[in-house]
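Please read this briefing alongside the structure shown below. The points are grouped by topic.

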Amino acid sequence: MAKRSIDKSVEHMLDRKTPDSPETIWDRADNQKPHCTFGEQGLCCRACYMGPCRVKPGSKKRERGVCGATAEVIVARNFARMIASGAAAHSDHGRDVAETLLLAAKDPDSGYTIRDERKLNKVARAFGIDTKDKTTEEIAAAVAETALADFGRQEGEVAFTHLAPEPRQALWRDHDIVPRGIDREIVEVMHRTGMGVDQDHRSIMLQGARAALADGWGGSMIATELQDILFGTPSPVRGQVNLGVLSETEVNIVVHGHEPVLSEMLVIAAKDPELIALAKTKGAAGINLAGICCTANEILIRHGLPVAGNILQQELAIWTGAVDAMVVDVQCIMPSLPEVARCYHTRLVTTSPKGRIPGAKHFDLSDKRPLDTAKAIVKEAILNFPNRDKVDIPDEKMDLIAGFSHEAINYMLGGSFRESYSPLNDNVINGRIKGVAGVVGCSNPKVTHDQAHVSLTEELIANDILVVQTGCSAIACAKAGFLRPETAEKYAGKGLAEVCKAVGMPPVLHSGSCVDNSRILIALSEMVKIGGLGSDISELPVAGAAPEWMSEKAIAIGQYFVASGVYTVFGVGLPVEGSKIFSKHIFKEFEEVFGGMWGVEADPGKMATLIIDHINSKREKLGISKGRERVLFDMKMRRELE
Ligand code: NFS
Ligand code: SF4
C-alpha cells in the first residue's frame, strides 16, 4: 500500500488507531477501490434517464450513448459541468462578500467595516466609479453594487476582465468568450451540456472557458479584492502550521471552510475580554483560534493565526480530543465530521444557511448581528472545554511566513519608493529567476498526502523557479518548512536564493486561499505591463500546477489559467483520458486557441520536468535563455534595494 502521508502528524494519529477509532478518509478511500474506470476517465454520462451511459471509444457496442453522444462529447460535457460547479462555488462566495461590503457601507452597526481604503479606491478606479466628493461608505456601496451587477448582467463584459493585458482581452473577444455576467455563463454551460444541445466538444469547451474566466476574473477576483477592502490586504506575517498548533491548555476553536465573513467575526469574538474571562473560569488558559483549509489561509494571511492543517487533516484535528468546537461554513467540509465528533467531545457548529449538517448545532451568521452570533459560538466552545476526555496532540508544528498578496510582492520587490514588478521582471530577464510557477490546489487520498506538492516545489525552487502558492498546497509546503526565508539557502538554486536573500523573502510565497488565485492573475498581468517579457501572459515564462487536486473548483481554476494563457499541469489524473479526441484538444490544440493548455502527470518529478522545460522554451522564445551579465545587474539591483 502506498504511504498515506509524508506528514508526521498524520502518521502519529493513524498509528494510534484502534478498532474503536472512527473511520478516516483513507479507510473510505480504500473501501471505494477500485474506482469505476468509466467515471475516472470521464466516460460516464448521467445527463438524462435514458442512461446512465458508459461509453468506450473503439468498442463495437459501446461507442455511443443511448442518444448517440460520442465519447468526446460526453467527456466535454462532464468537464464543462465541473468548471461550472467550481465557478459557482467561488462566485457564490464572491457574491456573499459583495453583499457583506454593501452591508458594511450601509449599516454602521453591522459589525463589518472598511479596513483598506487604498484598495477600495483602487477597485473603484478599476470599476470606473467616480469617487470625487464621495464618502468612503458611498464608494464602498458603489463598488459592492457594481460587483453585484457583474453576476446578473446579460450583456457587456465582467469588469475585472479589463485588468488583463490588452492582447489577452482581444483574444477573448475574437473567440467571443469574454464573460458577460457570471451567473449567465454558468447557466449557459448547464444548458449547453444537457441532453441534445451542444454536440461539438470544442464549442462546449469555449463556453467552459467563458464560465471559467467568469470565475477567475469575476467571482474569485471579486471575493479576493472585496475581502481585502473589508478585512485588509495581506502583507507578510509570521504564523505556525500543523496539528501541533492546537493547545492542551486553551479552548481550541477550529474554523473550517472558506468565507472570511465568518472567521473575521470569530477573530474579534475570540479576543473578547469577557469571553476570555469566562474561559478562565472553566479552567482554560485562554482561547486559541485555528483554521483548516482555506478559512485557515484567510485568517493566517491577515492575522497570522495558526493553521491546524489542510483538507485531509480535518478529521484528525477532532481525533486529538482537543478541539472544543469546529465551526464550519461552506466547501470542502467532509460529511463524516459529525460521525467523528460523536466519538469525542467536539461540538460541530454550522453557520451558513447553504451548508447544514445533521448532528451539528446551527448558528446563523447571516443574522442581523453577526458579532453576537460569533460570540455565542465562542461561548459554546468554552462551555464545552470541561467535557474534554483524553487529549493527544501531535508535536508537529512549523514556522512560516505568509501573506504575499500581489500588492505585498510589489512592495517587497520594488521597495518603498517604487512599488513595482520591474525588479522581478529584471531578475527573470537576467536569469537569476528562471520563471514563476503557481503550485496550488487540494490534497487527495488517491495519492500520498502532501508528497507531490512538496517534491514538485522542492525541484522547482532548486531550478530557480519562484513558486507562488494558495490553498491546501500552500499548507502542505508550509508544513514542510518551505515558507521560511532560510529555505532559500537550503533548497533554492543559486540565483533564486540570491534574490530571496536580498529581499528577505522565502522562495515559496503563500498568497492565500483558492479564490486568491486571482491574485496570481493580476500579478501576471502586471508582469506583462512592466515590459520586457512579451506582450501577453502566454509569453511569460510561467506555469501552473495542481499536483494533488480533487475539487471541481480546481478544474475551474485550471481552465481559467489555461484560458488566460498559462500552461497548467494537474497531478493524480484527469477525467478526460477516456477520449483521445478530447485529450488532444485540451492537451494540444488549446495552445493554438489560448496560448496555454492543460497537462496531466501524476509523477511529481516528471511534472517538474514538464514545467521546467516549458519555462525554458518560453525563455528561449523571448530571447532571454542566456541571461544578461550578472555583474552589471548587481549594481542596479543594489541601488533598487536601497
Ligand atoms: Ni481549494 Fe480551499 Fe483545499 Fe482544494 Fe478545498 S480547501 S478552495 S478546494 S481542498 S485547495
Ligand atoms: Fe446517455 Fe445521452 Fe442520456 Fe447521456 S444524454 S445519459 S449519453 S442518453
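Which residues does serine 220 touch, not counting residues up to four places away in sequence? Serine 220 touches His90, Asp215, Val515 and Ser518, where contact means heavy atoms within 4.5 Å.

This is a predicted model, in which local features need pLDDT of at least 70, side-chain atom pairs count only at pLDDT 80 or more, and totals for chains, interfaces and linings use all residues. Residues are numbered from 1 along each chain as its sequence is written, chains are lettered from A and ligands numbered from 1 in the order in which they are written, and side-chain values use heavy atoms, with hydrogens and water left out.

**Serine 220**

- Serine 220 is part of helix H9, which covers residues 201–231; helices (H or I, at least four residues) and strands (E, at least two) are DSSP runs, numbered from the N terminus.
- Serine 220 counts as buried because its relative accessibility is 0%; buried means under 20% relative accessible area, exposed over 50%, and partly exposed in between (1.4 Å probe, protein chains only).
- The side chains of serine 220 and aspartate 215 are joined by a polar contact of 2.6 Å. Such a contact is a pair of N or O atoms within 3.5 Å; within protein, one must be able to donate a hydrogen and the other to accept it, and residues adjacent in sequence count only if both atoms are side-chain atoms.
- Phenylalanine 482 is 262 residues from serine 220 along the chain, and their C-alpha atoms are separated by 26 Å.

**Lysine 119**

- Lysine 119 is found in helix H5, residues 117–126.
- Lysine 119 counts as buried because its relative accessibility is 3%.
- Leaving out residues up to four places away in sequence, lysine 119 touches Glu225, Asp228, Ile229, Thr233, His406, Glu407 and Arg519.

- Strand S5 (residues 287–292) has six of its six residues buried. Ile287, Leu289 and Gly291 lie on one side, and Asn288, Ala290 and Ile292 on the other.
- S4 also has six of its six residues buried, with Val251, Ile253 and Val255 on one side and Asn252, Val254 and His256 on the other.
- Strand S4 (residues 251–256) runs parallel to S5 and is joined to it by six bridges; two strands pair if DSSP finds at least two bridges between them.
- In S5, alanine 290 is the bridge partner of valine 254, and leucine 289 is that of isoleucine 253.
- Five bridges link S4 to strand S7 (residues 323–328), and these two run parallel. Here the bridge partner of valine 254 is methionine 326.
- S5 also pairs in the parallel sense with strand S6 (residues 307–309), over two bridges. Valine 307 in S6 stands opposite glycine 291.
- A right-handed β-α-β unit is made by S5, helix H12 (residues 293–303) and S6; right-handed means that, with the strands pointing away from the viewer, the path from the first strand over the helix to the second runs clockwise.

**Nickel atom of ligand 1**

- The only protein donor of the nickel atom is Cys514 (SG), at 2.2 Å. Donors are N, O and S atoms within 2.8 Å of the metal (3.2 Å for Na, K and Ca); water is not among the atoms, so sites may look incomplete.
- Cysteine 514 lies in the loop between strand S13 (508–510) and helix H22 (517–530).
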